[in-house]
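Hi everyone, thanks for making time for this. Let me put the structure on the screen, and then we can walk through a few places in it together.

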Amino acid sequence: MTARQPTPKGGADSEEPIVLIVEDDSEFREALKRLFRTVGVRAEAFGSAGELLQTKLPDVPSCLVLDIRLPGQSGLDIQSELAKTGIYIPIIFMTGHGDIPMTVKAMKAGAVDFLAKPFRDQDMLDAVVAAIGRDRRRREHEREVSALKGRFESLSPREREIMELVTAGLMNKQIAAELGLSEITVKIHRGNVMKKMVAKSLADLVKMAESLELGPGKR
Amino acid sequence: MIPKAFLERESISSPVLLAIAALLATTIFVVDTLSPLGMAVAVLYVIVVLLSTNVLQWRGVLFVSLGCVALTLSSYLLAHGVSYTGAHFVRLLVSLSAIAITAFLALRNQAALTVLSEQARLLDLTHDMIFVRDMHDVITYWNRGAEALYGWHGDEAIGKVAHQLLQTRFPTRLEEITAELFRLGRWEGELTHVKRDGQRLVVESRWALERDERGRPAAVLETNTDITGRKRAEEKLRQAERELRTTIDRIPAMVTSTQPDGTVDFINARWVEQGFSEVQLRSDWTALVHPDDLPEMREMRDKSLPTGGSYEAEVRLRRIDGEYRWFLIRAVGLRDEAGNVVKRYATATDIEDRKRAEASLRRSEALFAQTQRLSHTGSVGFNRSTGGMFWSAESARIFGYDPSIKPTPDLVLERIHPDDLALARRSVELMTLGEYDSDHEYRLLMPDGSLKYVRAVAHAVPEPLEGREVLRALIDVTAAKRAETALREAQADLAHITRVTTLGEFTASIAHEVNQPLAAIVTNGEVCLRLLDHGLRDIEEVREGIGAMISNGRRASEIIRRVRALSKKSEPEMLPLDINDIINETIPLVQWEMLSHRVSHRLELAPTLPAVLGDRVQLQQVLINLVVNSMEAMGSVADRPRELVIRSRQEGTSHVVVAVEDSGVGIDPEKVPHLFDAFFTTKPEGMGMGLSICRSIIENHGGVLRASVNAGPGATFQFTLQSHREVRS
C-alpha cells in the first residue's frame, strides 16, 4: 500500500489509524499536519511531551512522530516513559542537525525510524505507513498473546510445570524423574496441556511458550 | 630826669597865668618901690619868671626876665636913687642875680622840657602801652597807648601800684624777673594783664631799668605790646598742631619726616607702639632696614629724586626685639620753589601679614599651577558683570595659546571641533547667563590638526564669587580618552572574540535554529507539489502552504541575520532598545543548547518597560553568556528540575533590571567577589573571560552586573541598566 491511497481500513481491526505528532516548533508542526491532512492520514499534534502524556492514547493502530529534542521532556523521555507503562507504540524520531548521540540512544531504545530534518515527505509517509503496519501487527500479536495467556491461566499448576519442561525440550521420562511422577501421569498432563492450549504440535506449543516468555530463565 | 606830669599838659590856661604873673610883678614892684623894708623883695620876681616859663616860649621868658630886671632896677632907682653903696645895692645885686639865674635856669629847663615833651609825644604815638613805675612799682608815667588799651586814664593810673592795677601774672617768680632786671638792666617776657573792663590781655613786656646819677635803680620803663591776638592764633596753631599730631599718632601707619640729609625730625607714636626704638630711628633709621632690602630701597629713593622724591618700597625693618617685619614705605618729597627736596615725609605700614599671605599665596599658586600642569586641569573664569574672562596658564596651554594672551570666548570657540561647536556655544551662553552647574566634554581641533578631548566642569557655588564670577575647571582628558578608547577597543575586540567563540560552541544550536524553518519550508513545498499533482483540488491548502513557506523563509533569514550580527566585529552602536526584545531574540539561539542540557526555561518579562540605551549585540552576548553559565551550573543537577528563569522588571522610575536565575549548584559565597575577574573560572574547560566581559559590557552601558546566591538552590545573575530617558537627561 502507498500513502497516495486512502488509509487502508482492512485488517483484523477496521479502526482508523492515527499519527501522533510531538513537535515544539509550531511552524513545522503545522507543516506536518498539512502533510498528513493532504494524504488523508488522521494526525494529532502536540507541542510538548507533557501534552501527549496527559492525553489518553486512542486504542487504534497508531505511531508517534517525535522531535528528538523537545523543551522539558525530550522525545527520548517520552520513549522511556511509554516503555515504563508498557506501551510499545512505534516511534519515528525526527532529528535536527548533529543529534547523533541522541539518535544512537533512541535506536537502542527501540525507535523504528529516523528522519533527519528536512526529510522527503514520501520518506515520512513511508515510515508512518510502516510503523502503523507494525503497530497493527503488534496489536494483533498482543491480542494473540493475551488469548494464549488466558489459555495458560486455565492450566493447573502441574500442567504449567509440565508445559514449561516440555517446551524446554525434556523427554517424558526426564520430566517424570524431575517431578517424581510416573511417565504415564506426565503423558496424561501433557495431553491436557496440548488440548487446553489448542496446540497442534509440539513445535506449536514451543512457539506458544516463547510467546508467553516461559522458560527456566524467565521464572 | 623823669618828666613831670605837668610837663605834659597846661594845667592852668596861659592868659590867667600871665595875668597872675603880671599882677604879681606889679605887686612886687609896688612893694619894692614903696616898702621901707630893708630886704630883697625883688627876689620874688623869680616867681614871675618861673610862672612865665610855664606859658611862654624861651623868648617870652627872656622878655619877662628882662622886664623883671628892669622893674627891679626901676624900684631901686626910685627908692634909693643912683647909689652904688650900702645894703640896698647889695640887695639889688642879689635880686638881679637871682632873676638872672632863675631866667637862665628856667630857659635851660624849658629847652630840656621841650625835648622831653617831644619825646613823650612820640611815646604817645606808639600803640604799645608804655608806663613808668618807680622802685615801689608806683606808676609815674602812663602813655596814650596804655590809656587806650588798659582803659585807665593817666590820672587814674599814675600813683597806683602797677602790678595791682593790672593784676599782672608773671611767667616766673617776680623776684627772679627783678633779679634779672637788676643784673642786666632789662627783661623781656610775656605777661598777662587785666584791662579795666576785666578783659585779659597777653602782652609782650620789655622792661628797662633807669638808674640815677649814682647808679641806683630809680625807675622801670615798661613797654608792653598786646599779643593777645597773636597769642590766640599761636594757641590755635598749637591746638591744630596738637590735633594733627594726635591724628598722626593715631593713624595706623608709622609716620616720619626727614630732612634732606636724612635727619629724622619727626616720628609718630606708632613707631614706638610697633616696637621700634625712637633713639635708633632718630640716629639712623636706615640701619633698621634689612641689609638685603636696603640697596633696593636706596635705589628707589635715588631714582625718585629728580621727580620729587616720592617712592615706594617694601622692606623689612628690625624692631627693638630684633625681629624683622615687612613694611611698605611710602615717601613723598616736599620741594621748595627751586625744586629742591627740602623735606621728605614717609609712612611705613606693617605688611607682614600681607607678605606672609603673599608668600603663602605664591606657594599655593605655584602648587596650584604645578598641580594643574600635572593633572592637565586648567581653570577658566568668567566675570558676568564685566564680561571679562580669565584663565590659568594650564588652560591657555590646553587651548594652545600663549598664557599672556587675554582670553576671550572667541579664542576658545576657535579651538572647538566643528562638530562640538553648537554644544560649546550653548555652554558659553549658559555661562554668561549664570548657569553654573555643568559638565560637558568637547573635542578641540588644534592648529596642527591634532585632537584634544577636554572636559569642562562647573559647579554652583552657594554665594557667587565677587563680581558674579563663574569658574569652571577644564580637564584635558585626551590621554584618558585615548586610553579609554584603546580600552574600549580592546574590550570590544575581546567581546567579539568571545562572542565568536561562543557562537562556535553554538554551531549546532544555530544550525538547528536555521534547519527548523528550512524543514518547514521543504515539507510545505512538498505538500503543495502533492496538492498540485492532484489537480488543485484544494487551492486554499496550497495557498496556506506557500504562505507558510514564505514566513519560514523569513524566519530562517532572520536567524541568520542575528547570527551574523553576533559574529560581526562592529563598533558598539548605542540605540534605544526594549530589553524584552533582546531576551526574546536571544532565547532561540540558546534554546537548542538548553534542550541539550535538559534545561527548561521560563520567561517572566514585565509587559511594558522603558527603553534602555544599548548595543543590541553586546547585550545579547551578555544574556547568552549568563544563560550558558546557568546551564553549565545546572549540568550536574539530577535531583531537581533544571530550570532557568529570565526576568525583566522596572526598578524605580529610571532602571531596568534583567535577572537570570538558575537552580544549579550555586556559588560559593567566598568566590562571589572574584566571579567577574578575568581568568577566574570554576570550570575546567572555561577560559574565565565570560563574566569579566559581561561586566565590562554592562559597565560600558552605565549599568551594574552582580551575582547573588538564591534562597533556594542556584544563583541569580542580574544586570541593571539606566532607562534611555534617564540617560539622556
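Let's begin with strand 17 of chain B and strand 19 (residues 643–651) of chain B, which run parallel and are joined by six bridges. When I say helix or strand, I mean DSSP runs numbered from the N terminus, helices being H or I of at least four residues and strands E of at least two. Two strands count as paired if DSSP finds at least two bridges between them. Looking across, Glu604(B) stands opposite Arg647(B) in strand 19 of chain B.

Before I go on, a word on what you are seeing: this is a predicted model, where local features need pLDDT of at least 70 and side-chain atom pairs count only at pLDDT 80 or more, while totals for chains, interfaces and linings use all residues. Residues are numbered from 1 along each chain as its sequence is written, and chains are lettered from A and ligands numbered from 1 in the order in which they are written.

Back to our strands. They belong to an open sheet of five strands in chain B, with the order 17-19-20-22-21 and mixed pairing. At the edges sit strand 17 (600–605) and strand 21 (704–709) of chain B, each pairing on one side only. From one strand to the next, the twist averages 15°. Helix 20 (residues 579–596) of chain B lies across strand 17, strand 19 and strand 20 (655–662) of chain B, and runs at about 175° to strand 19 of chain B. For angles, axes are lines fitted to C-alpha atoms, for helices over the stretch in contact, and the values run from 0 to 180 degrees between N-to-C directions.

Now zoom in on Ala659(B), in strand 20 of chain B. Is Ala659(B) buried, exposed or partly exposed? Partly exposed, because it has 17 C-beta neighbours inside 10 Å. The scale is this: 20 or more other C-beta atoms within 10 Å of a residue's own make it buried, 12 or fewer exposed, and anything in between partly exposed, with C-beta atoms placed from the backbone. Leaving aside residues up to four places away in sequence, Ala659(B) touches Arg647(B), Thr716(B) and Gln718(B); contact here means C-beta atoms, placed from the backbone, within 7 Å. Arg647(B) is twelve residues away along the chain, yet the two C-alpha atoms are separated by 5.1 Å.

Elsewhere in chain B, the axes of helix 17 (residues 478–505) and helix 22 (residues 690–700) come within 10 Å and cross at roughly 130°. The two helices of chain B are therefore oblique to each other, the class left over once under 35 degrees is roughly parallel, over 145 roughly antiparallel and 65 to 115 roughly perpendicular. Among the residues making this contact are Arg488(B) and Leu494(B) of helix 17 of chain B, and Ile693(B) and Asn700(B) of helix 22 of chain B.

Over to chain A. Strand 4 (residues 91–95) of chain A is largely enclosed by the rest of the structure, because five of its five residues are buried. Ile91(A), Phe93(A) and Thr95(A) point one way, and Ile92(A) and Met94(A) the other way. Four bridges join strand 4 of chain A to strand 3 (residues 62–67) of chain A, and the two run parallel. Asp67(A) stands opposite Met94(A).

Finally, where do the chains meet? The contact takes 19 residues from chain A and 23 residues from chain B. On the chain A side, helix 1 (residues 26–38) gives the largest share, eight residues. Thanks, and happy to chat!

Conventions: Two residues are in contact if their C-beta atoms, placed from the backbone, lie within 7 Å.
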